[in-house]
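Subject: Structure for you to look at

Hi,

Here is the structure I promised. Please open it next to this email, and my notes follow below.

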Amino acid sequence: MALREIVTVPNDVLRRKAHKITTFDKDLQKIVDDMIETMREAPGVGLAAPQIGLSERLIVVEYEEDDQIEDSPKKLYVVANPEIIKVSEDTELGIEGCLSVPALVGEVERNLEIVVRGQNRRGQPVKIKADGWLARIFQHEIDHLDGVLYTDRAIRVWKPSPEEEALIAD
Ligand code: ZN
């Protein structure tokens, strides 16, 4: 595994529509491992391939099952070609940040519950039901694959206090 450099705005790759993944070969496994390592090192709760300069439809998400409990187990998701196939009508405002948009956070409205369809790192179909914080992370990461940044959707963006920095989504 190797750490990759995280690209930041205004790098063009963050604004491109990423390519569909069609080959689940050794090279892809290496990219997935590098993305996981880079996300953990950052640290972040999610990372999309364009954030390491690769215009590919691939995301990794690692989420603490219960962020109210210390050392709650973390669940790792690797999704290629993720698509949101269902959203709840209910939405929620929440604070997000992004490793590719340093030193800012913003308040973004997201769907409370979603269903994501895609493929795992071996190319097998997966379906994930997510709500709350996890649903927010998936919506943020999948946006990256279409060249959309949370700052495009935010109702306001500001420089966070140290307490707010602890809340940064990815
Ligand atoms: Zn981001």
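This is a predicted model: local features need pLDDT of at least 70, side-chain atom pairs count only at pLDDT 80 or more; totals for chains, interfaces and linings use all residues.

How many bridges join S4 to strand S5, and which way do the two run? There are 8 bridges, and S4 and S5 (residues 101–111) run antiparallel.

**The three-stranded sheet**

S4 and S5 belong to an open sheet of 3 strands, in the order S4-S5-S8, with antiparallel pairing. Strand S4 (91–98) and strand S8 (156–158) are its edges. Each has a single partner strand, so one side of each has no neighbour in the sheet. On average, neighbouring strands here are turned by 20 degrees against each other, direction ignored. Helix H2 (residues 132–145) packs on this sheet and touches S4 and S5. The direction of H2 makes about 60 degrees with that of S4.

**The five-stranded sheet**

Another open sheet has 5 strands, in the order S1-S2-S3-S6-S7. Its pairing is antiparallel. The edges are strand S1 (46–48) and strand S7 (125–131). Each of these pairs with a single strand, so one side of each is left without a neighbour in the sheet. Neighbouring strands in this sheet are turned by 40 degrees against each other on average, direction ignored. Helix H1 (residues 26–41) packs on the sheet, touching S1, S2 and strand S3 (74–87). The direction of H1 makes about 40 degrees with that of S2.

Between S1 and strand S2 (residues 58–64) there are 3 bridges, and the two strands run antiparallel. Leu47 sits opposite Val60 in S2.

**The zinc site**

Which residues coordinate the zinc ion? They are Cys98 through SG, and His140 and His144 through NE2, at 2.0 to 2.2 Å. Along the chain, the donors follow the spacing C-x41-H-x3-H. Cys98 lies in strand S4 and His144 in helix H2, so this pair ties together parts that are 46 residues apart in sequence.

Are Cys98 and His144 buried or exposed? Buried means under 20% relative accessible area. Cys98 has 6% relative accessibility, so Cys98 counts as buried. His144 has a relative accessible area of 1%, so His144 is buried too.

Best wishes

Methods:
Residues are numbered from 1 along each chain as its sequence is written. Side-chain values use heavy atoms; hydrogens and water are left out. Two strands pair if DSSP finds at least two bridges between them. Helices (H or I, at least four residues) and strands (E, at least two) are DSSP runs, numbered from the N terminus. Axes are lines fitted to C-alpha atoms, for helices over the stretch in contact, and angles run from 0 to 180 degrees between N-to-C directions. Contact means heavy atoms within 4.5 Å. Donors are N, O and S atoms within 2.8 Å of the metal (3.2 Å for Na, K and Ca); water is not among the atoms, so sites may look incomplete. Buried means under 20% relative accessible area, exposed over 50%, partly exposed in between (1.4 Å probe, protein chains only).
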